[in-house]
Amino acid sequence: MATTMSTESSSMKDAFSKHADYLNNLNDKRERVVKASRDITINSKKVIFQVHRISKHNKEEVLQKAEKDLAAVTDRYISRLVRELQGTDFWKLRRAYSPGVQEYVEAATFCKFCRTGTLLSLDEINATLLPLSDPSLEPLQINVLDYLLGLADLTGELMRLAIGRISDGEREFADKICKFVREIYRELTLVVPLMDDTSDMKLKMDTMIQSVMKIENACFGDHVRRSEYMPLPGSDDQTSFLLAVPDVEI
């Protein structure tokens, strides 16, 4: 009887020891993932700040620098996250790395829009992560929710960019941004009600509609101001402060 109880006790200790090791390793991995996510967030923000330096005079120079910095974020920080999570059930640690991934999506889509005027798709982003993974293991892929959350944040950066472009006289670019942000918001209003976990997205949608309205108001105000003024005689300057009034016969 004593031998049987001793054997059962030893088996139970071994089982608890295995569970303890698993939890300790998981917690250690979570700490490393949180650190990697924080580094991704910080450096992705730097890419976004770089893009905001864009103007009609330095577009190519600014975008080349931003794209180079984004590639460095991918190679140095995203790769570290991939190594930690590939081949594992990375949904268990999603909350640990989600903020960094969202910021990375925001930076990547921001660069792509300023370069081509189009949206960087989720498949295109995930394709850039595949070379970072071990082919023998399940690769880390950005999920749809994190992509959409990052896309929602993108509209805030586009709002700031649009207002800056209006102040610099790039009205056509601002109008293009306005149409692009409207389209994103319209599409997300169709998708979000169908999602299972919408708490984060609902908060983002409230902020997004404010960004859309700010861009629309800025563009509308600019159009109104331009319609109220006319160029000086013999000048092509559309920013003259001479009020447009009808000709008066004397």
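Colleague: How many disulfides does a search of the whole structure find?

Modeller: Zero, across the whole structure. Bear in mind that this is a predicted model.

Colleague: Why are Cys178 and Cys219 called buried?

Modeller: The cut-off is under 20% relative accessible area. Cys178 has 6%, so it counts as buried. Cys219 has 7%, so the label holds there as well.

Colleague: Cys219 belongs to H7, then. What is the expected span of helix H7, and what does it reach?

Modeller: H7 covers residues 199-228, which is 30 residues. At 1.5 Å a residue you'd expect 44 Å, and the helix reaches 45 Å from its first C-alpha to its last, close to that value.

Colleague: Which residues of H7 are buried, and which helices do they pack against?

Modeller: The buried ones include Met201, Met205, Met208, Val212, Ile215 and Cys219, and also Lys204 and Asp222. The buried residues of H7 pack against helix H3 (94-116), helix H5 (144-167) and helix H6 (171-191).

Colleague: Which residues have the most contacts inside the largest nonpolar core?

Modeller: Leu81, Ile142, Leu158, Ile177 and Met201, in a core of 65 residues. Helix H1 (2-51), helix H2 (59-85), H3, H4, H5, H6 and H7 each supply at least two of its residues. H5 gives the largest share, 12 residues. The core also draws at least three residues from each of domain 1 (19-124) and domain 2 (143-226).

Colleague: What does Ile142 touch, away from its neighbours in sequence?

Modeller: Not counting residues up to four places away, Ile142 touches Val101, Tyr104, Val105, Leu122, Ile125, Asn126, Leu129 and Tyr147.

Colleague: Leu122 is in that list. How do you know whether Leu122 is buried or exposed?

Modeller: Its relative accessible area is 16%. That is under the 20% cut-off, so Leu122 is buried. Leu122 lies in helix H4 (residues 122-129). Beyond four places in sequence, Leu122 is in contact with Ile142, Asn143, Val144 and Tyr147.

Colleague: And how far is Leu122 from Gln141?

Modeller: Their C-alpha atoms are separated by 9.3 Å, with the two residues 19 apart along the chain.

Conventions
Residues numbered from 1 in each chain as written. Predicted model: local features only at pLDDT ≥ 70, side-chain atom pairs only at ≥ 80, totals over all residues. Heavy atoms only, no water. Helix = DSSP H or I, 4+ residues; strand = E, 2+ residues; numbered from the N terminus. Buried < 20%, exposed > 50% of the residue type's maximum accessible area, 1.4 Å probe, protein only. Contact = heavy atoms within 4.5 Å. Expected span 1.5 Å × (residues − 1). Core = buried A, V, L, I, M, F, W, Y, C linked by side-chain atoms within 4.5 Å. Domains from an automatic or database assignment. Disulfide = S-S within 2.5 Å.
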